[in-house]
Amino acid sequence: MEKQGKRQLRVVLVPCPIQGHINPMLQLGTILYSKGFSITVAHTNFNSPNPSNHPNFNFLLVPDVLNEFQSSSGDMMAVVLRLNDNCKAPFQECLAQLMKQHKTQDEVISCIIYDEIMYFAESVANQLKLPSIILRPLSANFFISRNALLQFKAGGNLFLTGLGSEEIVPNFHPFRWKDLPVSKFGSLETMSQLFENASHVGNSAAVIVNTMDFLEQPSLARILQQCQVPLFSIGLYKFAPAFSSSLLKEDMSCITWLDKQTKNSAIYVSLGSVTLIDENELAEMAWGLANSEQPFLWVVRPGSVRGSDWLESLPEGFIESIGERGCIVKWAPQKEVLAHQSVGGFWSHCGWNSTMESISQGVPVICRPNSGDQKVNARYLSHVWKVGLELENGVERGEVERVVRRLMVEKEGMEMRQRAKDLKKKAEHCIGKGGSSYNSLNKLVKFINSF
């Protein structure tokens with residue numbers, strides 16, 4: 001790709017170091033690399049990506065000055081706020097050095113693309129007179145629900161109505177108060193501060209939203225009206241070639257187990273990279289899965305069960321009762337799992353990456369959201385797109401057994417599976433030539449070239 005003579009264009013990416021945010025940013029980098037751009041990933045010490053997984057990228061370490069207590073606190077909202085405070089000066093220094101280096105080469109930094117909650121990057125871009133673009137890695141619906149949360153909190157109504165209410169939020173259908181994206185990983189005040197800081201476009205030239213138009217058109221229209229800069233909606237998962245950006249080691253042996261199962265027979269269970277459960281919930285999940293008599297692939301992340309390292313908290317007799325019908329791993333290659341013909345359902349925490357992957361592969365979902373945007377996604381999966389069943393009455397073995405069987409063997413689940421396959425076809429059309437994401441990606445490439 002050429003501009004200003006024969007100089008190569010380089011894009012600097014600034015991901016947020018949380019698994020659900022790293023994935024779409026590195027997917028975007030892979031896509032832009034395939035379009036001819038050079039890619040530099042500016043990353044923190046905290047949860048730094050593995051460069052060996054991305055041999056075509058350059059990696060730039062930005063010292064984050066987090067102490068051990070801060071990085072292990074589990075309060076991710078506070079960690080991200082701290083990163084924004086700590087990283088501005090070192091990022092500006094690193095980037096200034098990079099720009100000097102490129103002056104002696106046939107290369108120029110075209111722009112900075114940053115995760116919206118790493119907003120310090122926008123300030124640095126302004127200082128260095130570089131264009132910046134925001135990546136919103138989560139859904140457009142999440143952004144709208146986040147605005148609702150901020151609006152009602154500012155008006156004092158949030159606490160009067162109550163976040164646990166089943167009532168629809170005024171002017172924000174289909175959200176109930178209980179669906180608003182309150183996080184369990186930090187206080188309401190910390191979360192509100194982060195959301196408020198991240199909601200401003202500032203001097204950024206454009207916004208990329210990791211979604212597909214057919215899923216979220218009303219919310220995308222509201223965002224476009226609010227931000228007043230070009231908006232590019234691109235389903236990044238569908239465009240990016242297969243690669244691993246997992247911070248955890250994937251166990252590929254589960255694919256061999258799936259190969260032995262019949263079509264659409266197995267349910268895949270994974271609650272994401274940060275969800276924590278207690279020993280009782282683990283036991284209820286275990287016996288519910290066992291009693292459903294359906295084959296299952298279950299990801300039990302080490303450390304995800306409070307008070308145990310891995311499987312020592314499983315109830316006595318469970319492993320013997322399931323035999324070869326169950327497969328339990330520490331982490332799974334989710335893209336490959338959801339694409340496997342044996343998988344007929346997905347019990348998910350409903351993070352946006354998992355939601356997009358399940359829709360793109362035509363797999364219906366049992367929704368067990370834990371925090372933040374997961375509740376928004378679960379609401380849309382179950383009540384708007386109608387490809388999900390909510391596990392709303394707590395995790396109790398009888399309820400688990402019933403919901404698994406509803407999804408996997410009953411007529412309701414079969415109809416849901418057909419709707420999921422219809423969404424998969426729409427996703428494929430979206431990225432095909434002339435589709436909305438296809439067109440949006442081409443416009444983004446031209447836009448970056450215009451700087």
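Me: Trp287 and Phe318: buried or exposed?
Reply: This is a predicted model, so take what follows as read off a prediction. Trp287 and Phe318 share one label, and the cut-off for that label is under 20% relative accessible area. Both residues are buried.

Me: What is the angle between the planes of the rings of Phe91 and Phe120?
Reply: By the ring-pair rule the count comes to 16 aromatic pairs. Phe91 and Phe120 make up one of them, at 5.7 Å centre to centre. Planes over 60 degrees apart count as edge-to-face, and this pair is labelled edge-to-face, with an angle of 90°.

Me: How many residues apart in sequence are the parts that Phe91 and Phe120 tie together?
Reply: Phe91 is buried at 0% relative accessibility, and Phe120 is buried too, at 5%. Phe91 sits in helix H3 (residues 76-103) and Phe120 in helix H4 (residues 120-127), so their pair ties together parts whose separation in sequence is 29 residues.

Me: Which helices does the pair of Trp287 and Phe318 link?
Reply: Trp287 and Phe318 form an edge-to-face pair, 5.8 Å centre to centre with 90° between the planes. The two residues are 31 apart, and the pair links distant parts of the chain. Trp287 belongs to residues 279-292 and Phe318 to residues 318-322, which are helices H11 and H12.

Me: Which residue over the face of Trp310 carries the charge, and at what distance from the ring centre?
Reply: For a charge to sit over a ring, NZ of Lys or CZ of Arg has to be within 6 Å of the ring centre. Over Trp310 the residue is Lys330, at 5.0 Å.

Me: Where does Pro174 lie, and what is omega for the bond that joins His173 and Pro174?
Reply: Pro174 lies in the loop between helix H6 (157-161) and helix H7 (188-198). Most peptide bonds are trans. The bond joining His173 and Pro174 is cis, with omega of about 10°.

Me: Gln228: buried or exposed?
Reply: Gln228 lies in the loop between helix H8 (213-227) and strand E7 (231-233). Its phi is positive, near 60°, and Gln228 is a residue other than glycine. The cut-off for exposed is over 50%; at 63% relative accessibility, Gln228 counts as exposed.

Notes
Residues numbered from 1 in each chain as written. Predicted model: local features only at pLDDT ≥ 70, side-chain atom pairs only at ≥ 80, totals over all residues. Heavy atoms only, no water. Phe/Tyr/Trp six-rings, centres within 6.5 Å; stacked < 30°, edge-to-face > 60°. Helix = DSSP H or I, 4+ residues; strand = E, 2+ residues; numbered from the N terminus. Buried < 20%, exposed > 50% of the residue type's maximum accessible area, 1.4 Å probe, protein only. Lys NZ or Arg CZ within 6 Å of the ring centre and 35° of its normal.
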